[in-house]
Amino acid sequence: MMHQSPHSMRYNDPVKDRRQFARAKVKWPVTILSSEQKALGEIESISNSGARIYSQELPLPGQKLSLEIQPPNHQSFCVFAKTVWGIIADSPERPYPFIFGVQFEDISEDDIQFISEIVSK
């Protein structure tokens with residue numbers, strides 16, 4: 001179940017940088033599907049292992065998601081991921097109130113290659 005509370009929520013501190021992979025700053029639309037609902041969002045950064053996403057909903061910690069990622073000038077692709085951290089975005093210039101990080105759990109080799117090319121630019 002996704003959470004839409006006005007209360008401050010924070011789990012697993014995103015400031016502690018434990019990344020093993022290089023990432024790229026992007027602005028890609030994403031459709032986020034959970035077992036309960038569908039939400040829209042925008043990927044802010046991506047790596048071979050995960051992504052940082054602004055969204056209209058805040059998934060619960062460890063929640064399994066299906067992400068339909070829509071990069072410009074490239075065919076959309078789907079990955080399965082789990083939520084690693086999430087907070088209220090508190091950013092007036094963003095169209096979405098929440099931000100969260102996901103770790104990819106199931107992604108095709110072709111999609112990993114595509115992301116690798118974006119990250120290496």
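1. Setting aside the residues within four places of it in sequence, Ser55 is in contact with Ile32, Ala39, Leu40, Gly41, Tyr96, Pro97, Phe98 and Phe100. The model under review is a predicted one, and the remarks below should be read accordingly.

2. Ser55 belongs to strand β4, which comprises residues 50-55. Is Ser55 buried or exposed? Its relative accessibility is 0%, and the cut-off for a buried residue is under 20%, so Ser55 counts as buried. One of its contacts, Leu40, also provides a polar partner: a polar atom of the Ser55 side chain lies 3.3 Å from the backbone oxygen of Leu40.

3. The overall architecture may be considered next.

4. Two strand pairings deserve attention, and both involve β5, residues 64-69. Strands β2 and β5 run antiparallel and are joined by four bridges; within this pairing, Leu33 has Ser66 of β5 as its bridge partner. Strands β5 and β6 are also paired in the antiparallel sense, over six bridges. In β6, Lys82 is the residue that stands opposite Lys64.

5. Helix α1 spans residues 109-119, and its buried residues are Asp111, Phe114, Ile115, Ile118 and Val119. Why do these residues lie on the same side of α1? They do so because the arc they cover around the axis is only 135 degrees. The general rule is that an α-helix has 3.6 residues a turn, so residues three or four places apart point the same way.

6. Against which strands do the buried residues of α1 pack? They pack against β2 (23-33), β3 (38-47), β6 (77-88) and β7 (98-106). On the face of α1 turned away from the buried side, the exposed residues Glu109 and Asp110 are found.

7. Some totals complete the description. The protein has 121 residues, of which 46% count as buried. Among contacts with a separation of 6 or more, 58% are between residues 24 or more positions apart. The protein exposes about 6,900 Å², and carbon and sulfur atoms supply 49% of this area.

Notes
Residues are numbered from 1 along each chain as its sequence is written. This is a predicted model: local features need pLDDT of at least 70, side-chain atom pairs count only at pLDDT 80 or more; totals for chains, interfaces and linings use all residues. Side-chain values use heavy atoms; hydrogens and water are left out. Buried means under 20% relative accessible area, exposed over 50%, partly exposed in between (1.4 Å probe, protein chains only). The arc is that of the directions from the helix axis to the C-beta atoms. Contact means heavy atoms within 4.5 Å. A polar contact is a pair of N or O atoms within 3.5 Å; within protein, one must be able to donate a hydrogen and the other to accept it, and residues adjacent in sequence count only if both atoms are side-chain atoms. Two strands pair if DSSP finds at least two bridges between them. Accessible areas come from the Shrake-Rupley method with a 1.4 Å probe; for residues, only the protein chains shown count as cover.
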